Amino acid sequence: MKSPFTGKEMKIVKEWRTMSFRKNSFDVLFHAYECEDTGEQFEDDALANLNYNQLVNQYRVKYRIPFPEQIIAIRNKYGVSATKMSEILGFGVNSYRQYESGEVPSQSNARLIQLVDDPHEFKKLVDLSSTLETNAIQKIHKNIKKQLEARKENKQEKYLERYFFSTYLPTSFTGYKKPDLNKFAGMVVFFAEQLAPWKTKLNKLLFYTDFLMYKRTGFSMSGIQYRAISMGPVPNKFNSIFEYLDNKEEVDIHFTNFINGGTGEQFKPAAYKKFNKELFSEFELSILSEVAMRFEKTTTDEMIDISHKEKAWLENKEEKKLIDYKYSFELNQV
């Protein structure tokens, strides 16, 4: 971005600021372009969104306000339009659409949205609605029944996800995203196709992808938690998740026995599984490609050394702690 005063390119400066949202104060690492000659600071749309997301994400977590993707997911599972959902909830349609677009609901409206995530509670509100036509109610009832049946059928998978992720709620340790196993699997498939990495390198590729995404937007890509271990940052419970993906034939893990007695695990594309770019936005795809190109020729040992220079690892390695995504802003290798 060029200075409006001098026409020179401006550098990005960062400083911690205490900012307020709905009478609540939170610390935000404020990003801005600064004119070298005048000292004036400016935000473009990307930096303004990054600063805003840091602020309101903390407010959402504090009061358990659902994030837009959660609100959309609740509506989609019942197969209703935004207009019909707003009628069922008793909201104005414009207000509800704004919630899906990023506007933060009031605490009372947020509770109601979260309540209807339960099919039984949603049915109660549908039956109380005075604006829905009979055929619309019948259609929604069918979808509610499907959701209740799916709950029974997917018990094992839900159990595994609870074990893998430990939480379903977005927090600073998930990059303010609800953990998404499908998206995480898509990231693994992407790197298997592009680089066929060994497991240790793959763990670092995933770390840099999620943390670079957060560095640019204030949100991670997958919602996965990362932990600092001796070999560097890794997805929490990565061995169990990778074994699950291998059994589901999302990827092929090839084992190699080395002369020193060690065993290596290399991730390669599965025969009948291709990378599904529809799971990702164009911006997310650009982040994946950027990380792949940055580390394409980097060896596993080099990846370990690189990750060991990150503050995210250095300040958490002693106790093998989960890594807060706030460390994204201090990445020095991407």
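Some ground rules come first. Residues are numbered from 1 along each chain as its sequence is written, and side-chain values use heavy atoms, with hydrogens and water left out. Because this is a predicted model, local features need pLDDT of at least 70 and side-chain atom pairs count only at pLDDT 80 or more, while totals for chains, interfaces and linings use all residues.

**Helices**

Helices (H or I, at least four residues) and strands (E, at least two) are DSSP runs, numbered from the N terminus. The expected span of a helix is 1.5 Å times one less than its number of residues. Helix α12 covers residues 282–294, and its 13 residues reach 18 Å from first C-alpha to last, close to the 18 Å expected. For α1, the 19 residues should span 27 Å at 1.5 Å a residue, and the end C-alpha atoms are 27 Å apart, which agrees.

Now for what is hidden, where buried means under 20% relative accessible area, exposed over 50%, and partly exposed in between (1.4 Å probe, protein chains only). In α12, Glu284, Leu285, Ile287, Leu288, Val291 and Ala292 are buried. They cover an arc of only 160° around the axis, which puts them on the same side of α12; the arc is that of the directions from the helix axis to the C-beta atoms. On the face turned away from that buried side sit the exposed residues Glu282 and Met293. The cover over the buried residues of α12 includes α9 (181–195) and α10 (199–217).

Helix α1 has its own buried set, including Leu47, Leu50, Asn51, Gln54, Leu55 and Tyr59. The buried residues of α1 pack against β1, β2, α2 (68–78), α5 (107–115) and α10. In α2, the buried residues are Pro68, Gln70, Ile71, Ile74, Arg75 and Tyr78, and they pack against α1, α3 (82–89), α4 (93–101), α5, α6 (119–128) and α7 (134–153). Just after α2, Gly79 takes a positive phi of about 65°.

**Cores**

In soluble globular proteins, nonpolar side chains tend to be buried together. A nonpolar core here is a set of buried Ala, Val, Leu, Ile, Met, Phe, Trp, Tyr and Cys residues joined through side-chain atoms within 4.5 Å. The largest one has 55 residues, of which Val188, Phe191, Leu206, Tyr226, Phe242 and Leu288 touch the most other members. Helix α9 gives the most to this core, with 10 residues. Apart from it lies another core of 20 residues, among them Ile74, Val80, Ile113 and Phe122.

Contact means heavy atoms within 4.5 Å. Not counting residues up to four places away in sequence, Val188 touches Leu202, Leu206, Phe242, Leu245, Val251 and Phe267.

| Residue | Element | Relative accessibility | C-alpha separation |
|---|---|---|---|
| Tyr244 | α11 (residues 238–247) | 14% | 10.0 Å to Ala185 |
| Val28 | β2 | 0% | 40 Å to Lys248 |
| Leu245 | α11 | 2% | 12 Å to Glu157 |

Beyond four places in sequence, Tyr244 touches Glu157, Leu160, Phe164 and Leu181. With that same exclusion, Leu245 is in contact with Ala185, Val188, Glu250 and Val251. Val28, again leaving out residues up to four places away, touches Glu15, Trp16, Arg17, Met19, Asn51, Gln54, Leu55 and Gln58.

**Cavity and pocket**

On a 1 Å grid over the protein atoms alone, a cavity is a set of points where a 1.4 Å probe fits but cannot get out, and a pocket is an open set with protein on both sides within 12 Å along at least five of seven lines; lining residues have an atom within 4 Å of a point. Grid points are joined across faces, edges and corners, and a volume is the space filled by probe spheres set on the points.

A search of the whole structure finds one cavity of 30 Å³ or more. The largest cavity has a volume of about 30 Å³, and its lining includes Ser3, Lys8, Met10 and Cys35. The second largest pocket holds about 190 Å³ of space. Among the residues lining that pocket are Ile12, His31, Tyr33, Leu47, Lys215 and Arg216. Elements giving two or more residues to this lining are β1 (11–21), β2 (24–34), α1 (45–63) and α10, with the largest share, three residues, coming from α1.
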